[in-house]
Amino acid sequence: MTRTRLATIAVTAALLLGAAGCSGDSSPRYDEAIAAPTAGQPGAGRSPAPAPTPANCDPRASRRPDGALPAPGQMPAGTLMAEIRKRGRLILGTSQDTLLFSSRNPFTGRIEGFDVDMARLVAQAIFGDPNKLEIKVIAYDQRVNEVLLGKVDLVADTMTATCDRWKDVDFSVIYYEAGQKVLVRKDSTAKSIEDLGKKKICSAAGSTSYDNIGKVKSEPVAVAKPTFGDCLVAFQQNEVDAISTDDTILAGMAAQDPYAMVIGDRFTQEPYGMAINRNHPEFTRFVNAVLVKAAQDGTWTKTYERWLGGTAPKPPVAQYQ
């Protein structure tokens, strides 16, 4: 099959990778002139002002859970969990394009994957029913703003916890460890991104993946595209020499292109956490208790093996502030 024909396949692949939730979004907060959340929206109320970056920030350190989880259906009064219980559904912000983590099943139409199943654990803890989940598809560069505006209860979308983002949102404990790599053609002699000096490397505009390319000492040329699907098309049409983002996303691309391969070691660390409005620290503590329980009782391992295959590594160890 020629690369020209593969480019046609990439158009279909773009539907699966179009707005893939990459390691980051460097987009600014929403304009404060935009209307604040109205009553009835998740997290309605004033959006939290940016917090100063704490000294010795550890983006992996989240809020410690408050004791044992309450029984499903018996959420403490005055908490966001109680509001969600009254509403009848947990609202998750995620993508529909990140293969294995949150992508739309073409046969059932349902959005599914590792991230979605992690959020279903939270719904299970609130309702006793993991299907009490409303999925809202969001653009990866609007993940922070969706939380700030109270349009979702949480975001689980291959989202890296960073100190900069902690200024605007809370993060759960880390539930997956990823890292940035690079995808090249199988006939490439490159062994790492450092071997691609002056070569064109594509990543999504506004992503920390894009920013990281500019930090490579050999000075590859960072090429911005609106989505990673667009990067895949550009790669298969020979407009760029490589693509760079989280290894989780690149694995999905390589599975679709027999002429592509992922090379090198991770050159960044991308710890994934769930983003939550800072006005609701009790919800962050609740989510953390859910994730810690899943790590301890084997649920995390089973979920990993279901979606990612192979022998699961040990779950990330929860760290607290």
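These legends describe several views of one predicted protein model.

Residues are numbered from 1 along each chain as its sequence is written, and side-chain values use heavy atoms, with hydrogens and water left out. Because the model is predicted, local features need pLDDT of at least 70 and side-chain atom pairs count only at pLDDT 80 or more, while totals for chains, interfaces and linings use all residues.

**View 1. The whole chain.** The protein has ten helices and 17 strands. Helices (H or I, at least four residues) and strands (E, at least two) are DSSP runs, numbered from the N terminus. Of its 321 residues, 51% are buried. Buried means under 20% relative accessible area, exposed over 50%, and partly exposed in between (1.4 Å probe, protein chains only).

View 2. pLDDT is the predictor's confidence in each residue, from 0 to 100. Its mean over the protein is 87, and 86% of residues reach 70 or more. Residues 1–24 stay under 50, yet the model gives them 81 contacts beyond four places in sequence. A contact means heavy atoms within 4.5 Å. Residues 32–36 are also below 50, with one contact beyond near neighbours in sequence.

**View 3. Around Phe286.** Leaving aside residues up to four places away in sequence, Phe286 touches Leu69, Pro70, Met75, Met81, Val122, Ala125 and Ile126.

**View 4. Leu100, with a positive phi.** Most residues other than glycine have a negative phi. Leu100 has a positive phi of about 80 degrees, although it is not a glycine. Leu100 is in the loop between strand E3 (97–98) and strand E4 (102–104). Its relative accessible area is 34%, so Leu100 is partly exposed.

**View 5. Glu219, with a positive phi.** Phi of Glu219 is near 60 degrees. Glu219 lies in the loop between helix H6 (208–213) and strand E12 (221–225). At 48% relative accessibility, Glu219 counts as partly exposed.
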